[in-house]
Amino acid sequence: MNALEVKDIIKLSINDICVNPENPRHDVVMDLGESFIMQQLVRTKKDTQAMYKLICDIYTAGWFPQSIVTVTYDEKRKKYVAWDGNRRLTALKILQNPEILETLNNFTYTQRIKINDMHKQINDDSFYEVSCYVAISFEECADYIRTIHTTDTGALPWTDVAKKRFENKLGIKNMFSQLKEYCSKPFENISDNFSVNKFEKIATSKVGKEYLKIDNTDNILTHNSTVKELEDKLTKIVKDIDTGVLKNENIKNSTQMKKYLYGEDKETVVMQKDEIILPSKGNSQKVENEEKMRNINETKNEDSNNKLLKDMKNE
């Protein structure tokens, strides 16, 4: 479905629509009330500044007619659930009920006062009605939603992490989502600019799989180590990517990737079953000397044995 095929636009009160706990902009959360779900959209100061600006824009310009929220109806909740437009919906809900701000972090005192003032100026209930496209199911509107947030439509684009969450929701398996689901701790609190591409370059490579002791044949993730060992290795990789320590040149080929994963001080060749550590150039003379001493000792032992045999014959 594309944007031109969206039909039957209706107006709904924001009170009839729930903010979605499965929004690709954050990890899936338990539905512990809307304020808890909203917290996921304003986790950082940057998120909060963007939300405050959106609130001010909506207050000043109103709801644009072409700004459509995509929803499905949830029989259990007896309400609609937003699959797109969760940030705009949250901004309106805050304007309608500024008390929600007490549960949200990073809004400044001045921003809270300003939002309260804007709230008092809105006397028309129709201000809190939004244009909605009611889809039959998530699968029906999935392509449309993905297009909105991955092409130049004016909507706030998804990050790489959000795209992977969305793919996972569609059942499209990828190494990032599989490892994140299986071993979630290393991925907690990763930033919005986390490079999924770097992570998957490592995790899907032969070197990376052997280092992590994982396999995903037929998209089924398996591992041959303890969970703790896998968690420790993932924690280092995720942290180095998220903080910018890991550069593209560190993983541009298998040799560089081995040095990054196993350490700069040794050349490591990883076999399927065994691990062989080759001597570095600085140790080559030492190895040669040890080999010479071994040969000398073997020669001495052989001479000693021959002398002993000779003495025994003479007796």
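Me: Does N106 count as buried, partly exposed or exposed?
Reply: In this predicted model, N106 lies in the loop between α3 and α4. N106 has a positive phi of about 80 degrees, although it is not a glycine. Buried means under 20% relative accessible area and exposed means over 50%. N106 has 31% relative accessibility, so it counts as partly exposed.

Me: Which residue just after α6 takes a positive phi?
Reply: The phi in question is about 90 degrees. The residue that takes it, just after α6, is G171.

Me: How do α6 and α7 lie relative to each other?
Reply: Helix α6 covers residues 160-169 and helix α7 covers residues 175-182. Their axes come within 9 Å and cross at roughly 80 degrees. Angles of 65 to 115 degrees count as roughly perpendicular. The two helices, α6 and α7, are therefore roughly perpendicular.

Me: Into which classes do the residues of the contact of α6 with α7 divide?
Reply: From α6 the contact is made by V161, K164 and N168, and from α7 by F176, S177 and E181. These residues divide into two nonpolar, two polar and two charged.

Me: How are α6 and α8 oriented to each other?
Reply: The axes of α6 and α8 come within 9 Å. They cross at roughly 60 degrees, while the range for roughly perpendicular is 65 to 115 degrees. The helices α6 and α8 are therefore oblique.

Me: How many residues of the contact of α6 with α8 are charged?
Reply: D160, V161 and K164 of α6 make this contact with V196, N197 and E200 of α8. Two of the residues are nonpolar and one is polar, and the charged ones number three.

Me: What covers the buried residues of α6?
Reply: The buried residues in α6 are V161, A162, K164, R165, F166 and N168. V161 and K164 of α6 also take part in the contact with α7. The cover over the buried residues of α6 includes α5 (138-150), α7 and α8 (196-203).

Me: Which residues does K173 touch, not counting those up to four places away in sequence?
Reply: K173 has its place in the loop between α6 and α7. At 40% relative accessibility, K173 counts as partly exposed. Its C-alpha atom is separated by 8.9 Å from that of I220, 47 residues apart along the chain. With residues up to four places away left out, K173 touches N168, Q178 and N219.

Me: Which element supplies the largest share of the largest nonpolar core?
Reply: The largest nonpolar core has 34 residues, and those with the most contacts inside it are I17, I94 and F107. At least two residues each come from α1 (34-39), α2 (45-61), β3 (69-74), β4 (79-82), α3 (86-96), α4 (109-121) and β5 (129-134). The largest share is six residues, and it comes from α2.

Me: Which residues does I17 touch, not counting those up to four places away in sequence?
Reply: I17 is among the residues with the most contacts inside the largest nonpolar core. Apart from residues up to four places away, I17 touches L12, E34, V71, Y80, A82, L89, K93, V130 and C132.

Me: How many residues are in the second, separate core?
Reply: This core includes F199, A203, I237 and M257. Its residues number 27.

Me: With which residues is I237 in contact, leaving aside its neighbours within four places in sequence?
Reply: I237 is found in helix α10 (residues 227-242), and at 2% relative accessibility I237 counts as buried. Neighbours within four places aside, I237 is in contact with F199, I202, Y211, L212, Y260 and L261.

Me: What percentage of the residues in the chain is buried?
Reply: The chain has twelve helices and nine strands. Out of its 315 residues, the buried ones make up 39%.

Note on methods. Residues numbered from 1 in each chain as written. Predicted model: local features only at pLDDT ≥ 70, side-chain atom pairs only at ≥ 80, totals over all residues. Heavy atoms only, no water. Core = buried A, V, L, I, M, F, W, Y, C linked by side-chain atoms within 4.5 Å. Buried < 20%, exposed > 50% of the residue type's maximum accessible area, 1.4 Å probe, protein only. Helix = DSSP H or I, 4+ residues; strand = E, 2+ residues; numbered from the N terminus. Contact = heavy atoms within 4.5 Å. Axes fitted to C-alpha atoms, helices over the stretch in contact; angles between N-to-C directions. Parallel < 35°, antiparallel > 145°, perpendicular 65-115°, else oblique. Nonpolar A, V, L, I, M, F, W, Y, C, P; charged D, E, K, R; others polar.
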